[in-house]
Amino acid sequence: MNTLNVLLVEDDPNMRLGCEQAFELAGIPAASVPSAEAAQREIERNPPAVIVTDMRLGGADGLHLLRWSQARDANLPVIMVTGHGDVTLAVEAMRSGAYDFITKPFASDHLVEVVRRALEKRSLTLEVAELRRRLAQREGAEASLIGRSPQMARVRQLVADVAGKAVDVLIHGETGTGKELVARCLHDLGPRAKGNFVALNCGGLPDNLIDSELFGHEPGAFTGATRRRVGKVEHAHGGTLFLDEVESMPVGVQVKLLRVLQERVVERLGGNQQVRVDTRVVAATKDDLKQRAEAQQFRADLYYRLNVVTIELPPLRERREDIPLLLENFMQQAARRHELPLPELSPADLRHLMAQDWPGNVRELRNVADCMVLGIPHARVDAACGEGPSLAEAVEAFERSLIGEELRRQGGNLTRAAERLRVAKTTLHDKVRKYGLGGRLGEV
């Protein structure tokens, strides 16, 4: 994103000089012009992030410039500078869409404070527009596995690499990280997309039913089995079988699943016929299956058979830079589903959300997006509804935001960013690693 700059429109040379100096001392890039007509030419040539204009100018007045700029870009913040006798004009300006107004005479620090708030709002507006552009341009794995973090880029690459390969896959990640979504991508992006995608949660069935659910049964196999039933493995022939919470599968069923994976045949409960199956198995777990196997809580031979390719899904707290993109996507989905308008998110709201730990990961973020669209209070959005972040969390969130913004301004150049932030390059490098901002680095 380009550096956000301010356009000052003031026909009084002394006032214009004073404002220019205030912006310069505050480190805010600014250009100035003496009239609304000159401002229009400058806006068309080099659109600013914020306009600060006097209400009374030599030619067209500030209200005219406000309406002209609003017609061109309704989200462009315009700050009006008015005299004591221009209260009526100030009210009219606010009704016409002005961001704020400042009454003469004013202190330079007040001007800078109002402009900083407007720049922050403009920065968020531009970021949301960029997020929506990226969401609209997604395709392939990126359409489902959303995120610009290096961790998600690696996940997408691995999914693309193995989607078309005849290998079983193990997906490992915390609850809510999107394990079934990755499994569906593996199915949809490969040659099995025309076959069935069959999902089974191994922890959601009693032990005495999972055998029949997976492998099917013949009539009379047990009480109540009046007719043949095709199991999930057979139903997924030519497609993909997704086994969630595979760590909870009973040991006896693990033995039968191992045989299916080794020989690609299934034997229905109560039957003797072996049915050949061409089924890809994608298993998912939140546990460390290797540790469970070593503790004899999971069959080691099944673990090694499933562990041909393992996809590790990062928790949301380790890829916080993906939160704005994910949140925008979830809010768009919720708005369409509930036929409601998209809510506006303030910079403070976004900082608060990015400071959270998200123990429920992406699933929890989706629920928050639903609450926001429906206008339902949620502790993650409204700090007053629950415990806000601690001082340490707030400081870290601010530091991360500050470093990320400076890296964007410097095009990812670590050396220049360190100079601007007045920290040692090695210190900044450590903080970039700590906050997972490595994806924003360019030439360092």
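Predicted model: local features only at pLDDT ≥ 70, side-chain atom pairs only at ≥ 80, totals over all residues.

**Stop 1**

Begin with the open sheet whose five strands run in the order 2-1-3-4-5, with parallel pairing. Select residues 30-33 for strand 2 and 100-103 for strand 5: these strands stand at the edges with a single partner each, so one side of each has no neighbour in the sheet. From one strand to the next, the twist averages 20°.

Which residue of strand 5 is the bridge partner of Ile79? Show Asp100 to see that partner.

Residues 36-45 form helix 2, which lies across strand 1 (6-9), strand 2 and strand 3 (50-54) and runs at about 160° to strand 1. Residues 62-72 form helix 3, which packs on the sheet and touches strand 1, strand 3 and strand 4. Compare the directions of helix 3 and strand 4: they make an angle of about 175°.

**Stop 2**

Next, select the open sheet with the order 7-8-11-6-12, in which five strands are joined by parallel pairing. Strand 7 and strand 12 (309-312) are the edge strands, and each pairs on one side only. Here the twist averages 20° from one strand to the next.

Pick out strand 6 (residues 169-172) and strand 11 (residues 280-285), a parallel pair with four bridges. Within these strands, Leu170 stands opposite Ala283 of strand 11. Then show residues 150-162: this is helix 7, lying across strand 6, strand 11 and strand 12 and running at about 155° to strand 12.

**Stop 3: an aromatic pair**

How many aromatic pairs does a search of the whole structure find? The search finds two. For one of them, show the side chains of Phe197 and Phe242, whose ring centres are 6.2 Å apart. Their planes are at 20°, and the pair is therefore stacked. Phe197 belongs to strand 7 (residues 197-201) and Phe242 to strand 8 (residues 240-244), so the pair ties together parts 45 residues apart in sequence.

**Stop 4: helix 9 and helix 11**

Select residues 207-215 and 251-263, which are helix 9 and helix 11; they pack at about 15°, with axes 10 Å apart. The two helices are therefore roughly parallel to each other, and their crossing is left-handed. To see the contact, show Ile210, Asp211, Leu214 and Phe215 in helix 9, which meet Val253, Lys256, Leu257 and Val260 in helix 11. Six of the contact residues are nonpolar, none is polar and two are charged.

**Stop 5: helix 14 and helix 16**

Finally, select residues 323-338 for helix 14 and 361-374 for helix 16. Their axes lie 8 Å apart at an angle of about 50°, and helix 14 is therefore oblique to helix 16. This crossing is right-handed. Contact residues in helix 14 include Leu326, Phe330 and Arg337, while those in helix 16 include Leu365, Arg366 and Met372. The residues of this contact divide into 13 nonpolar, two polar and three charged.

Terms used:
Residues numbered from 1 in each chain as written. Heavy atoms only, no water. Axes fitted to C-alpha atoms, helices over the stretch in contact; angles between N-to-C directions. Parallel < 35°, antiparallel > 145°, perpendicular 65-115°, else oblique. Left-handed = near helix turned anticlockwise from the far one by under 90°. Contact = heavy atoms within 4.5 Å. Nonpolar A, V, L, I, M, F, W, Y, C, P; charged D, E, K, R; others polar. Pairing = 2+ DSSP bridges. Phe/Tyr/Trp six-rings, centres within 6.5 Å; stacked < 30°, edge-to-face > 60°.
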